[in-house]
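Have the chain open in your viewer.

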Amino acid sequence: MKLSFRWYGESDPVSLRYISQIPNMHSVVSAVYDVKPGEVWPMESILKIREASEKHGLVFDVVESVPVPEEIKLGAEKATEYTENYCENIRRLGKAGVKCITYNFMPVFDWTRTDLAFEAPDGSTSLVMDVDELKGLDPLKEDISLPGWDQSYTKEEIRGLIEAYRTLGEEGLWKNLESFLKKIIPVAEEAGVRMAIHPDDPPYPIFGIPRIITDETNLDRMLAIADSPANSLCFCTGSLGSGLQNNVEEMVGKYAKRDRIAFMHIRQVKLSPDGSFAEKGHISSAGSMDMYRIVKALVDAGFDGYVRPDHGRMIFGETGKPGYGLYDRALGAAYLNGLFEAAEKEKRKEEGKGQ
Ligand SMILES: [Mn+2]
């Protein structure tokens with residue numbers, strides 16, 4: 001595996017210097033942030049990230065994300081032009097040495113939570129989702145805004161988008177994903193890039209807006225659209241693990257064996273029977289997922305893709321972007337290093353090769 005860390009560019013309070021000090025760190029996961037979704041990224045901006053990474057002995061070979069504009073997801077008039085631009089971004093990133101591009105196909109809102117700084121008894125804070133708080137809210141009827149939502153939309157625009165997606169429905173969204181993949185996957189193959197779709201977070205419909213990258217049945221359907229390693233998953237344990245329907249430990253093994261995981265986001269959630277969840281420290285005992293089983297499934301399948309600690313809590317008094325502080329993610333990275341070392345040694349022992 002190649003250990004990686006997300007970096008939000010020069011304005012990120014977590015510097016590349018700090019990232020490079022985390023043991024075994026290999027890759028920088030970043031993006032060009034000052035270009036609107038649907039537009040082409042300037043080569044200069046891409047190469048700037050590469051140079052900055054190299055200065056700290058790191059490799060810029062994972063992009064998260066090249067955002068898919070709403071027009072593509074909706075199959076709107078501009079979809080063709082934006083898909084061509086998207087293909088151009090894939091080509092440019094491939095030329096710059098990028099091997100993996102993450103994206104998602106979530107309508108309107110990216111991840112959704114009800115609180116970004118819920119305080120645990122130990123004083124740490126993390127992102128949580130309380131399904132009761134969501135119930136009864138209707139963004140078409142009232143002025144609501146949840147943490148994490150794109151603030152660049154006006155309320156009117158959000159209403160328009162929600163209505164358009166409700167009309168489009170799940171099958172309409174599938175159709176648009178299919179047309180998009182049929183165009184971009186051959187380009188990715190040629191560019192030597194693996195496209196890694198991030199699951200919907202959380203993995204169920206919200207406000208009647210369809211969400212389709214949610215569970216095993218739908219992941220199978222998505223991967224079958226283009227049966228190629230270039231059409232792969234960014235397997236996010238936290239996103240899939242916040243759906244009661246998902247057995248994450250088994251799913252990881254299944255897709256890793258088929259070589260359809262290009263990128264792993266590993267984080268822990270504590271899931272309640274009603275579907276509410278809280279993000280936790282990475283260790284198995286803190287939440288609902290067995291992290292050793294997840295890592296062992298990857299190692300046993302010969303996984304050689306990218307891994308990053310995903311959201312962390314805010315600890316040690318750190319402030320900053322919710323989920324993306326340095327300390328808890330660095331602890332997560334150290335923990336993952338330990339799990340991988342143990343699983344690799346275990347595998348060698350099982351194969352009779354000793355340690
Ligand atoms: Mn994730």
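## A serine in a strand

Ser126 lies in strand β6. Strands (E, at least two residues) and helices (H or I, at least four) are DSSP runs, numbered from the N terminus. This is a predicted model: local features need pLDDT of at least 70, side-chain atom pairs count only at pLDDT 80 or more, and totals for chains, interfaces and linings use all residues. Residues are numbered from 1 along each chain as its sequence is written.

Is Ser126 buried or exposed? Ser126 counts as buried because it has 26 C-beta neighbours inside 10 Å. The cut-offs are 20 or more other C-beta atoms within 10 Å for buried, 12 or fewer for exposed, and partly exposed in between, with C-beta atoms placed from the backbone. Leaving out residues up to four places away in sequence, Ser126 touches Phe118, Ala120, Ala278, Glu279, Lys280 and Arg313. Contact means that C-beta atoms, placed from the backbone, lie within 7 Å. Arg313 is 187 residues from Ser126 along the chain, yet their C-alpha atoms are separated by 4.7 Å.

## The open sheet

An open sheet holds 4 strands in the order β5-β6-β11-β10, with antiparallel pairing. Strands pair if DSSP finds at least two bridges between them. β5 (115–119) and β10 (268–271) are at the edges with a single partner strand each, so one side of each lacks a neighbour in the sheet. Neighbouring strands are turned by 40° against each other on average, direction ignored. Axes are lines fitted to C-alpha atoms, for helices over the stretch in contact; angles run from 0 to 180 degrees between N-to-C directions.

Strand β6 (residues 125–129) runs antiparallel to β11 (residues 277–280), joined by 2 bridges. Met129 has Phe277 of β11 as its bridge partner.

## The barrel

A barrel closes from 8 strands in the order β1-β2-β3-β4-β7-β8-β9-β12, with parallel pairing. Its twist averages 30° from one strand to the next. β9 (residues 261–266) and β12 (residues 306–309) pair over 4 bridges. Val307 in β12 is the bridge partner of Met264. Helix α6 (residues 155–191) packs on the sheet and touches β7 (194–198) and β8 (231–236). Its direction makes about 140° with that of β7.

## Nonpolar cores

A nonpolar core is a set of buried Ala, Val, Leu, Ile, Met, Phe, Trp, Tyr and Cys residues joined through C-beta atoms within 7 Å. In the largest, of 85 residues, Ile101 and Val193 touch the most other members. α6 gives the most to this core, with 11 residues. Apart from it lies another core of 6 residues, including Leu127, Val128, Phe277 and Ala278.

Technical notes:
Contact = placed C-beta atoms within 7 Å.
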